[in-house]
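Please read this report alongside the sequence and the 3D view. It starts with charged contacts, then turns to the strands, the surface and the confidence scores.

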Amino acid sequence: MPHVTTTDLTTPNGVDGTLFHPADRAAARAALGHGGDGRKWLVYVGRVEKPKGIEELLAAFERLDRPDVRLVLVGTGGARPQCEAAAARLGDRVLIAGARP
């Protein structure tokens, strides 16, 4: 039987923890101009592109009968026109926040 050894391997995270970290919810909403919004937020953060499934997310959210939930899209990309069209149909249920640091 071969001799097996175990070593620890640390792989650094691909996310800058000094830039991306948990923040106060009320402060984050206020920074987007929606500090008084008491609804639950479903937040997408990433490139707004078709291969990321953004159109499927919008279609699913459109079918969701939950006026107490708001979809917040953080990011930018080529599928922004589809996001804006969905936002026009759904009113204030969708917030397009754009790129954020």
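The structure holds seven salt bridges. A salt bridge here is a side-chain nitrogen of Lys or Arg within 4 Å of a carboxyl oxygen of Asp or Glu. The model is predicted: local features need pLDDT of at least 70, side-chain atom pairs count only at pLDDT 80 or more, and totals for chains, interfaces and linings use all residues. Residues are numbered from 1 along each chain as its sequence is written, and side-chain values use heavy atoms, with hydrogens and water left out.

**Salt bridges**

| D37 | R39 | 3.0 Å |

The D92 and R39 pair links distant parts of the chain. D92 sits in the loop between α3 and β3, R39 in the loop between α1 and β1, and 53 residues separate them. Helices (H or I, at least four residues) and strands (E, at least two) are DSSP runs, numbered from the N terminus.

Which residues are linked in a network of salt bridges? The members are D37, R39, R70 and D92.

Buried means under 20% relative accessible area, exposed means over 50%, and partly exposed lies in between (1.4 Å probe, protein chains only). D37 and R39 are both buried. R39 counts as buried because its relative accessible area is 17%. D92 has 49% relative accessibility, so it is partly exposed. E55 is partly exposed, at 26%. K50, at 54%, is exposed.

**Strands and crossovers**

The protein has three helices and three strands. Along the sequence they follow the pattern α-β-α-β-α-β.

Strand β1 covers residues 40–45. Strand β2 covers residues 69–74. Strand β3 covers residues 94–98. Two strands pair if DSSP finds at least two bridges between them. β1 and β2 run parallel and are joined by six bridges. β2 and β3 also run parallel, with four bridges between them.

V74 of β2 has bridge partners in both neighbours: V45 is one partner, and G98 in β3 is another. L73 is bridged to I96 in β3.

The chain crosses from β2 to β3 through helix α3 (residues 80–90), and this β-α-β crossover is right-handed. β1, helix α2 (residues 54–63) and β2 also make a right-handed β-α-β unit. Right-handed means that, with the strands pointing away from the viewer, the path from the first strand over the helix to the second runs clockwise.

Why is β2 largely enclosed by the rest of the structure? Six of its six residues are buried. V69, L71 and L73 point one way from the strand, while R70, V72 and V74 point the other way. β3 is mostly covered, with four of its five residues buried. Across the protein, buried residues make up 26% of the 101 residues.

**Exposed sites**

K40 lies in β1. Its relative accessible area is 52%, so K40 is exposed. K40 and R66 are 26 residues apart in sequence, with 9.8 Å between their C-alpha atoms.

G36 lies in the loop between α1 and β1. G36 is exposed because its relative accessible area is 80%. The C-alpha atoms of G36 and A26 are 8.2 Å apart, and the two residues are 10 apart along the chain.

V15, L19 and F20 make a nonpolar surface patch of about 280 Å². Patches are made of residues with over 30% relative accessible area and no salt bridge; like charges are joined within 9 Å, and nonpolar side chains (Val, Leu, Ile, Met, Phe, Trp, Tyr) within 5 Å. Accessible areas come from the Shrake-Rupley method with a 1.4 Å probe, and for residues only the protein chains shown count as cover. F20 lies in the segment before α1 (25–31). F20 is partly exposed, at 47% relative accessibility.

**Confidence**

pLDDT is the predictor's confidence in each residue, from 0 to 100. The protein averages 86, and 88% of the residues score at least 70. Confidence is highest in β2, at a mean of 94, and lowest in α1, at 88. Where pLDDT is low, the predicted coordinates should not be read in detail.
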